[in-house]
Amino acid sequence: SNCTRLAEESSELAATKQSLEEEKQKLEGELSQLREAEMQHRNEMKEHRANIAVVEGERDAARVAETGLSERLQESESNCIRLAEESSELTATKQKLEEEISKLQKADMQHRNEMKEHRANIAIV
């Protein structure tokens, strides 16, 4: 009869509704898990970005330090070259002075010998 058929359909619809409710709850649970995973992923990404920023900061500081060291090295090399040139000039000056001293000593010896000769000549006279 009509009534029996309606009762069966109603029962089937109730079972389908129950099945759909269960499926909906399962999907909501999965969605919740996906949202949690997404939040965790976002937090990890923030952490990675922060770590990258720290490493980039360290890299930049290292570059600045390297530039400073490079400039100091160039300065040291320039000083070294300048000191070598000054040393060379001083060596040349020292040689000139030694030659002049040698000339003056020779002249002094010659002068002393001449003085001895004069004294000898005076003594003879």
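The protein carries 19 positive and 28 negative side chains, and the centres of the two sets are 9 Å apart; here Lys and Arg count as positive and Asp and Glu as negative, while His and the chain ends are not counted, and a charge is placed at NZ of Lys, CZ of Arg, CG of Asp or CD of Glu. This is a predicted model, in which local features need pLDDT of at least 70 and side-chain atom pairs count only at pLDDT 80 or more, whereas totals for chains, interfaces and linings use all residues. Residues are numbered from 1 along each chain as its sequence is written, and side-chain values use heavy atoms, with hydrogens and water left out.

As for the fold, the protein has 1 helix and 0 strands (DSSP runs, H or I of at least four residues for helices and E of at least two for strands, numbered from the N terminus). The C-alpha atoms fill a box of roughly 180 × 15 × 10 Å along the principal axes, and buried residues, those under 20% relative accessible area with a 1.4 Å probe and protein chains only, make up 0% of the 125 residues.

Some of the charges pair up, for the whole structure holds 7 salt bridges (a side-chain nitrogen of Lys or Arg within 4 Å of a carboxyl oxygen of Asp or Glu). One of them joins Lys-24 and Glu-28 at 4.0 Å, N to O, and these two residues lie 4 residues apart in helix H1 (residues 2-124), about one turn of the helix. Another links Arg-82 and Glu-86 at 2.9 Å, N to O.

Definitions and conventions: Buried < 20%, exposed > 50% of the residue type's maximum accessible area, 1.4 Å probe, protein only.
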